[in-house]
Amino acid sequence: MQRLSVLVLTIFIPTMAVSQTKIESKAYNWSDLKEYKDENRMRRQFVDGSTTLLDNLEIHTSRVEGGEAPHPSHTHKDQEELVIIKEGTLTATIGKDSRTLGPGSVVYVMPGDEHGFRNAGTSACTYYIIKLKPKTPRKSDKPGESFMVDWNDLKFVPHDKGGRRNVVDKPTTLFDRFEMHITTLNVGLASHDPHTHMPEEIILIKSGNVEMIVGDGKYKSSEGGLVVLDSKIPHNLTNTGKEPTTYFAFQWN
């Protein structure tokens, strides 16, 4: 009796890493985004992908009705979360600390800190959620601290082009530096000449109409829109409206 030898071939298919889509540096405008139902909220999705310095940058808005929470409190392991309130009143809780905040207020949550949000009012509340995960996290034995900043506590410092509110400028758990300020720019003026810098930056329009130079392109934006600026890309902003414009500018490296 012959023995039948069977040759078994094992086909090896290498596992390919799933690469994130590179986010384009440009304006992403409020009116271009569709709102859709997501859990216990209405959501607008701006971007979700990578940049030169970030493994992932994800930005969306949540609109929550009075008294409602978008989801249970939770933590993030390897990303930081920035929340900016667009309209309405939001109660933010980080650990055992809770604050009720209005439009223009800011919440920043470090990895590992439990946090949650609830609409504290009777009308709808809309807020931005920006999640940042760096490709190369900061190396330090001292983690950053989560914080909340009420718009009413920010001091307005006037200057020849308008004025400025400083929010924060310090290291965080994952970044060597996170800096945020809020600029008010008078009609017809430019923020500065086109320039570049190593940190990546986001401009979020609180009010007014602007035109942004981004690289070789020009983009118009208005209230609710934002502009993503990758590292070292030339940019500047001009107020093209009939009233002062106010915008958040924040960057990381």
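Is Met212 buried or exposed? Good morning, everyone; let me start there. Met212 is buried, with a relative accessible area of 1%. By buried I mean under 20% relative accessible area, with exposed over 50% and partly exposed in between, using a 1.4 Å probe and protein chains only.

A quick word on the source. This is a predicted model, so local features need pLDDT of at least 70 and side-chain atom pairs count only at pLDDT 80 or more, while totals for chains, interfaces and linings use all residues. Residues are numbered from 1 along each chain as its sequence is written, and side-chain values use heavy atoms, with hydrogens and water left out.

Back to Met212, then. You will find Met212 in strand 16, residues 209–214; strands here are DSSP runs of E, at least two residues, numbered from the N terminus. Setting aside residues up to four places away in sequence, Met212 touches Ile203, Gly217, Lys218, Tyr219, Val227, Leu229, His235, Asn236 and Leu237, where contact means heavy atoms within 4.5 Å. Leu237 is also the bridge partner of Met212 in strand 19. Strands 16 and 19 pair in the antiparallel sense over five bridges; pairing requires that DSSP finds at least two bridges between two strands. As for strand 19, four of its five residues are buried, so it is largely enclosed by the rest of the structure.

Now please turn to strand 8, residues 106–109. Both faces of strand 8 are covered: Val106 and Tyr108 are buried on one side, and Val107 and Val109 are buried on the other. In general, side chains in a regular strand alternate between the two faces of the sheet. Strand 5, residues 80–87, runs antiparallel to strand 8 and is joined to it by four bridges, with Glu81 standing opposite Val109. Strand 8 also pairs with strand 11, residues 147–149, through three bridges in the antiparallel sense. There, Val106 has Val149 as its bridge partner.

Three strands make it up in the order 7-6-9, with antiparallel pairing. Its edge strands are strand 7 (97–101) and strand 9 (115–119), each pairing on one side only. On average, neighbouring strands of this sheet are turned by 15° against each other, direction ignored; the axes behind that angle are lines fitted to C-alpha atoms, and angles run from 0 to 180 degrees between N-to-C directions. Strand 6, residues 90–94, is joined to strand 9 by five bridges, and one of the pairs is Thr93 with Gly116.

Finally, the pockets. How big is the volume of the largest pocket? About 260 Å³. A pocket, on a 1 Å grid over the protein atoms alone, is an open set of points where a 1.4 Å probe fits, with protein on both sides within 12 Å along at least five of seven lines; lining residues have an atom within 4 Å of a point. The largest pocket is lined by 19 residues, and His181, Thr183, Ser191, His192 and Tyr247 lie nearest its centre. Strands 14, 15, 19 and 20 each supply at least two residues of that lining.

How values were computed
Grid points are joined across faces, edges and corners, and a volume is the space filled by probe spheres set on the points.
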